[in-house]
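The exercises below are meant to be worked with the sequence and the 3D view side by side. Try each task before reading its solution.

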Amino acid sequence: MLPKPATALIIIGHGSTVNPDSSAPTFAHADEIRARGLFAEVVCAFWKEEPSMRQVFHMVESDDIYVVPNFISEGYFTQKVIPRELDLDGAITHRGTRTIKYCEPVGNHPHMTTLLLERAREVAPGVPPAQTSLLIVGHGTSLNENSGAAVKEQVRLIAARGEYAEVFGMFMEEEPLITDWRKSVTQPNVVAVPFFVSDGLHSYQDIPVLLGIEQEPTRAASKMDVFRHNPRHSDGHAVYYSSAIGTDPHFSGLILDQIEAFDQRHAAAPLPA
């Protein structure tokens with residue numbers, strides 16, 4: 001993308017008070033973008049960590065500001081929490097001399113399908129997709145009906161390619177539940193890809209227990225020498241479990257793409273005179 005030397009980029013993540021790895025990918029993507037020298041300022045803010053969203057505008061000096069949620073789906077946090085915490089009026093907010101541009105979450109990017117398929121192949125090298133059930137694992141929530149929509153859309157897109165024998169979307173807090181995966185799969189191989197932005201509490205500690213490949217939550221990913229030993233065997237299935245999709249280094253490029261997509265939709269709203 002073209003440089004924006006008078007512009008600030010704010011990347012919003014969820015963060016965690018109990019897992020040190022939750023914010024790591026967001027900071028890593030910010031470092032990568034900062035190194036490209038495209039913006040005057042690149043900072044991060046979080047819902048559950050410092051720096052908080054409520055203080056982030058005091059951290060930048062630019063009047064032209066892009067806000068990109070490093071979230072997987074359009075849902076409760078991107079539609080309710082972030083606009084409330086940042087006091088946004090919509091896609092474009094004018095506040096004094098500042099113009100704040102609120103972009104779509106990274107998980108909405110059309111390239112996400114390719115990243116999911118690449119991650120599935122990486123975690124199970126040599127395993128034939130025609131003998132594999134692919135699970136895209138999301139959080140899901142009753143707080144917002146759109147929360148699981150991104151997972152369901154990816155399942156539709158991947159299934160339409162016909163590469164895998166079966167493709168399912170499964171969730172922690174809505175049907176179909178991850179704990180019931182054995183009721184659905186029929187293939188000897190199972191590849192599970194967490195549709196999360198980090199190897200935090202859910203993807204690294206909760207989901208392995210729900211899948212039945214761990215008996216109890218493990219330590220944080222940064223405290224372990226090896227992410228996961230694949231495959232694990234469960235009820236006659238070889239189960240391959242990957243790291244969260246948001247740890248993919250290509251996410252920094254998707255963040256930039258969401259900014260370009262915003263400019264195309266809104267014709268790059270000019271700064272106030």
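**Exercise 1. Find how many aromatic pairs a search of the whole structure gives, and describe the pair of W47 and F77**.

Step 1. A search of the whole structure finds five aromatic pairs, where rings of Phe, Tyr and Trp (its six-membered ring) pair if their centres lie within 6.5 Å, and planes under 30 degrees apart count as stacked, over 60 as edge-to-face and the rest as tilted.

Step 2. For W47 and F77 the ring centres are 6.3 Å apart and the planes stand at 65°, so this pair is edge-to-face.

Step 3. The pair links distant parts of the chain, 30 residues apart, with W47 in the loop between β2 and β3 and F77 in helix α2; helices (H or I, at least four residues) and strands (E, at least two) are DSSP runs, numbered from the N terminus.

Step 4. W47 counts as partly exposed because its relative accessibility is 30%, and F77, at 22%, is partly exposed too; buried means under 20% relative accessible area, exposed over 50%, and partly exposed in between (1.4 Å probe, protein chains only).

Step 5. W47 and F77 also belong to one aromatic cluster with F71 and Y76.

Before going on, note how the model was made and read. This is a predicted model, in which local features need pLDDT of at least 70 and side-chain atom pairs count only at pLDDT 80 or more, while totals for chains, interfaces and linings use all residues. Residues are numbered from 1 along each chain as its sequence is written, and side-chain values use heavy atoms, with hydrogens and water left out.

**Exercise 2. Decide whether Y66 and F262 are buried or exposed, and describe their pair**.

Step 1. Y66 is buried, with a relative accessible area of 1%, and F262 is buried as well, with 0%.

Step 2. Their rings form an edge-to-face pair, 6.1 Å centre to centre with 85° between the planes.

Step 3. Y66 sits in strand β3 and F262 in helix α6 (residues 251-266), so that 196 residues separate these distant parts of the chain.

**Exercise 3. Name the members of the largest nonpolar core that touch the most other members, and follow the contacts of L134**.

Step 1. The largest nonpolar core has 44 residues, of which L9, F39, M112, L134, I136 and F195 touch the most other members; such a core is a set of buried Ala, Val, Leu, Ile, Met, Phe, Trp, Tyr and Cys residues joined through side-chain atoms within 4.5 Å.

Step 2. Not counting residues up to four places away in sequence, L134 touches A120, I158, Y164, E166, V167, F168, V191 and V193, where contact means heavy atoms within 4.5 Å.

Step 3. A second, separate core holds 18 residues, including M53, V60, F71 and L86.
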